[in-house]
Amino acid sequence: MRYTRLAVATAVGALLLAGCADSEQEDIRTDGRGSVVRDVVTEADIVLPVSAYFFTPEQQAVIDTAISALASDCMKRFGFDRPAKKVEPVKMVDRRYGVVSEKIAIEYGYHVIPSAAGDVHADGTAPSGSKLPPEAYMVYGGKGGTENAGRSYQGQDVPEGGCKGEATRRLGLDKMQDPAKGNVGLLGINFSSFGKAQNMSEFTKAQDEWIACMKKEGHQYTAFLQPAENYASQGSFASPEEKAVAKVDVRCKQEVKLDTVLLRLETQIQTDYIEQNAAGFAEIKENQDAVIKSANQALAN
């Protein structure tokens with residue numbers, strides 16, 4: 001995937017940042033409301049306001065574990081043994097702004113850090129790796145759609161979306177995923193703020209300074225994500241050349257505070273948007289809390 005399309009924040013926490021700053025303070029920038037945005041030094045520093053409205057990796061693991069448990073109980077009703085699986089949190093390094101820290105640049109360049117993703121078995125495969133009978137796919141609803149609605153198996157009606165669909169509804173996830181409610185659209189600010197921030201004069205000034213810094217080091221680029229686009233798809237691992245360019249890239253971005261400027265501008269955009277749509281975001285948070293509570297209750301039973 002091209003880095004220009006990676007305008008998403010991985011669910012990295014629930015810290016709500018706010019504001020835009022003109023302060024020249026070295027480590028912390030403040031806005032008129034007293035909110036702070038710390039300088040971006042590592043990928044972990046990229047935390048945006050809308051992050052509070054996504055599940056954290058730990059919460060998502062609890063939810064996926066609950067779905068597995070509820071789907072397993074449902075499958076038993078139809079005579080299939082699909083043991084529940086505990087899903088471990090999967091923490092991905094945020095590449096929203098490309099490579100941010102020198103350590104990652106030196107070790108991985110622009111390539112994505114390998115991660116042991118949770119094995120959710122969405123296709124109906126048993127957690128042990130053994131395949132279930134063909135009929136189990138229809139009962140489980142492996143594609144997560146509504147194509148199984150109205151079907152039956154051995155005299156029992158199959159739930160809409162299969163056992164997985166039943167599990168997600170029991171947790172209340174269907175409310176959060178319903179486009180008709182409009183709340184899903186509100187979260188689109190997580191994508192649009194990235195582009196809007198790059199059209200602001202403060203960012204273009206920082207990017208021009210980054211371009212000049214890279215040129216001074218012998219690298220010709222016209223946009224800060226271009227190095228990632230050039231190298232990320234080249235082979236399975238980062239070459240020495242790629243790592244060297246990434247290291248210079250990080251140094252130049254930190255020198256002109258490009259990532260810090262971008263984070264501050266995105267924070268301003270997202271904060272204003274959330275305030276303007278407070279009722280919708282309050283509902284998202286309410287539904288989010290209800291899902292987590294239901295998931296914990298399902299695992300406690």
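Glu 217 is partly exposed, with a relative accessible area of 37% (buried means under 20%, exposed over 50%, and partly exposed in between, using a 1.4 Å probe and protein chains only). This is a predicted model in which local features need pLDDT of at least 70 and side-chain atom pairs count only at pLDDT 80 or more, while totals for chains, interfaces and linings use all residues. Residues are numbered from 1 along each chain as its sequence is written, and side-chain values use heavy atoms, with hydrogens and water left out. The count of salt bridges comes to 9, where a salt bridge is a side-chain nitrogen of Lys or Arg within 4 Å of a carboxyl oxygen of Asp or Glu.

- Glu 217 and Arg 251 form a salt bridge, their closest N and O atoms being 2.8 Å apart.
- This pair links distant parts of the chain, 34 residues apart: Glu 217 lies in the loop between helix 8 and helix 9 (226–231), and Arg 251 in helix 10 (residues 240–256). Helices are DSSP runs of H or I with at least four residues, numbered from the N terminus.
- Arg 251 is partly exposed at 38% relative accessibility.
- Glu 255 also forms a salt bridge with Arg 251, at 3.7 Å between the closest N and O atoms.
- Both Glu 255 and Arg 251 lie in helix 10, 4 residues or about one turn apart.
- Glu 255 is exposed, with a relative accessible area of 54%.
- Through shared partners, salt bridges join Glu 217, Arg 251 and Glu 255 into one network.

**Pair within helix 8**

- Glu 209 and Lys 205 meet in a salt bridge through their side chains (2.8 Å, N to O).
- Glu 209 and Lys 205 are separated by about one helical turn because they are 4 residues apart in helix 8 (residues 201–216).
- Glu 209 is partly exposed at 33% relative accessible area, whereas Lys 205 is exposed at 53%.

Conventions
Helices (H or I, at least four residues) and strands (E, at least two) are DSSP runs, numbered from the N terminus.
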